[in-house]
2 protein chains.
Amino acid sequence: MRPDTITILGDGQMGLVCAAVLADQPPAPRIRIWGIDKGETQALQTSRRSPRLDGFELPRAVEVTSDEAEALAGARMIISAVPTQFMRSAWERFKPHAPEGAGVVSVSKGVENRTMLRPTQIVADVLKDARPVATLSGPTIAAELAARLPATMVAACDDHAFAQQVQEAFNPPYLRVYSSDDPAGVELAGALKNVIAIAAGIIDGLELGANAKSALLARGLAEIARLGVAMGAQQETFFGVAGVGDLATTCFSPHGRNRSCGEALGRGESLDDYLARTTSVVEGVATCRSVRELAKKQSVEMPIAAAVHAVLFEGLTPKEGIRTLMDRPLKRERVG
Amino acid sequence: MRPDTITILGDGQMGLVCAAVLADQPPAPRIRIWGIDKGETQALQTSRRSPRLDGFELPRAVEVTSDEAEALAGARMIISAVPTQFMRSAWERFKPHAPEGAGVVSVSKGVENRTMLRPTQIVADVLKDARPVATLSGPTIAAELAARLPATMVAACDDHAFAQQVQEAFNPPYLRVYSSDDPAGVELAGALKNVIAIAAGIIDGLELGANAKSALLARGLAEIARLGVAMGAQQETFFGVAGVGDLATTCFSPHGRNRSCGEALGRGESLDDYLARTTSVVEGVATCRSVRELAKKQSVEMPIAAAVHAVLFEGLTPKEGIRTLMDRPLKRERVG
């Protein structure tokens with residue numbers, strides 16, 4: 001059964017695209033989208049356009065507001081599309097207005113700084129109730145989804161019935177959602193891939209070619225899967241749509257902030273200079289610090305993440321970083 | 001210990017590149033390369049250039065011949081770089097001259113028509129002796145390797161000591177070879193990926209974007225891994241360098257005959273017209289027929305291979321093929 005009233009919290013790219021996808025499947029539920037800035041939400045309500053997603057048009061029926069009480073009244077399903085580092089404060093604000101029992105679907109990728117919590121864990125940690133919280137993730141460049149090009153995602157929740165509800169809620173002809181009972185794997189894959197994406201960008205910046213990029217993808221996948229499994233995720237999730245699928249888009253599509261950051265480093269720009277001139281958050285930079293700590297704590301060997309860390313924070317040049325990876329002792333290939 | 005005399009059978013792209021890679025690592029062994037056409041090998045011996053690989057220059061020390069006795073006399077390791085469909089007849093010819101005990105390394109990708117044998121199995125089937133036969137495979141666009149850009153491969157053999165010997169033989173600073181005891185997995189991954197590559201090309205021809213391509217990569221990988229495991233391969237090989245690594249290059253690099261064939265189909269060209277105007281063999285077309293049979297025999301569900309088969313041989317349009325994949329019932333994601 002599809003919920004008849006869905007609220008989207010967050011009017012960034014993923015929030016906007018979720019609204020369009022939900023509206024595309026008849027009978028469309030009542031859809032509201034919340035944004036933090038009153039001026040921006042009013043402009044979006046009137047123009048149906050957003051500076052955050054070129055060429056996008058918000059369907060007429062979608063209601064826009066910056067008032068969380070108004071956004072959430074009567075919601076039967078809540079989509080959380082707030083950037084990971086702002087989730088805790090945002091959900092403190094949403095909490096009094098979130099109708100009891102309405103399941104939450106997080107579409108954010110990342111790990112909270114300091115606590116190392118995953119997005120669904122942040123929501124649960126703030127709400128402290130028994131409602132289901134799912135993650136919905138996969139290779140989804142927002143502009144492509146908005147253009148109704150085919151895509152796949154994974155809806156993962158400990159509560160399988162809720163994962164299936166998410167599948168049914170997001171089911172227009174051009175989107176295929178798989179269900180999974182491994183939210184840890186789906187969310188860790190979505191966060192950890194950004195570190196590998198920086199390395200992919202470095203390879204692009206150094207113009208090292210497709211062989212090197214594909215090697216990075218395979219060996220990067222193996223090492224993030226190892227860390228994920230050590231943290232309780234299922235290995236096969238990393239080899240699915242939300243794992244290798246998302247990683248492939250991140251490594252090969254020219255868009256993407258993390259890959260672009262790596263490319264600038266590969267071309268010789270310093271991290272400080274790059275971050276100073278870019279307006280967007282490069283999540284992989286913070287994630288790389290966390291991964292380094294987690295890998296040590298879990299005693300997991302992660303040579304690529306270590307090399308990215310050394311390039312970002314320890315003064316190693318990108319070329320030297322590649323050399324450390326190629327010069328390692330000859331080994332038997334180990335994926336698990 | 002590195003063999004001091006290595007013979008390469010086949011002067012196509014991979015044969016040429018193997019010669020250059022082997023010559024690049026001091027102390028270089030004696031290297032001979034054999035080609036079937038006397039005129040072509042004489043031209044190669046003199047000019048050090050080949051029409052098969054633009055910009056390539058064969059190192060001075062490499063000897064070129066079209067005489068198999070001359071090529072193989074005293075060889076301690078033999079690299080087989082003959083296209084899969086010609087391997088049986090070529091090896092019948094090599095057999096009387098192959099020094100006893102010299103291990104063979106196959107760098108061919110594919111499955112023999114009719115017999116469904118893998119390259120290393122064809123060699124063993126012809127030689128009928130106890131020497132080790134390894135496969136060496138991975139994401140290796142020849143022009144990139146020739147330019148000494150970084151790459152990885154996997155050397156797989158039931159005889160682990162020989163796999164390690166191959167690692168040591170192919171070990172210049174820009175190439176990292178992993179060892180494996182799963183030749184079946186490495187060779188099946190290398191052959192089956194070509195069917196997925198055709199589908200990737202179809203997505204490019206229809207301009208469906210990176211989300212769709214990445215979904216295809218992930219789900220295609222899952223289904224070829226399922227078939228491989230049913231045929232005795234190890235699942236993790238498909239998630240390694242010779243599996244997902246090679247698949248990523250095949251799907252995302254604009255070069256590649258199988259992807260290009262799919263792209264032409266996606267743009268509306270018929271298979272017959274495409275094959276008539278192209279000079280190169282599109283291995284994935286033949287492999288797709290075999291895969292269909294194997295999937296039935298092993299009772300393995302392979303929706304992408306089935307859709308490619310329907311587009312290639314059953315008159316389904318590429319658009320309809322995509323639709324059959326997107327309209328399947330909602331499922332729990334299953335990778336293994």
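Trainee: What makes A:Phe252 and B:Phe252 "buried"?

Mentor: Buried means under 20% relative accessible area, with exposed over 50% and partly exposed in between (1.4 Å probe, protein chains only). Both A:Phe252 and B:Phe252 fall in the buried class. Keep in mind that this is a predicted model, where local features need pLDDT of at least 70 and side-chain atom pairs count only at pLDDT 80 or more. Side-chain values use heavy atoms, leaving out hydrogens and water.

Trainee: Why is the pair of A:Phe252 and B:Phe252 called stacked?

Mentor: Rings of Phe, Tyr and Trp (its six-membered ring) pair if their centres lie within 6.5 Å; planes under 30 degrees apart are stacked, over 60 edge-to-face, and the rest tilted. Here the centres are 4.5 Å apart and the planes 15 degrees, so the pair is stacked.

Trainee: What does this pair join?

Mentor: Two chains, because A:Phe252 lies in helix α11 of chain A and B:Phe252 in helix α11 of chain B. Such helices are DSSP runs (H or I, at least four residues), and strands are runs of E, at least two, numbered from the N terminus.

Trainee: How do you know that B:Lys213 sits over the ring of B:Phe252?

Mentor: The rule wants NZ of Lys or CZ of Arg within 6 Å of the ring centre and within 35 degrees of the ring normal. The charged end of B:Lys213 is 4.6 Å from the centre and counts as over the ring.

Terms used: Residues are numbered from 1 along each chain as its sequence is written. Chains are lettered from A and ligands numbered from 1 in the order in which they are written.
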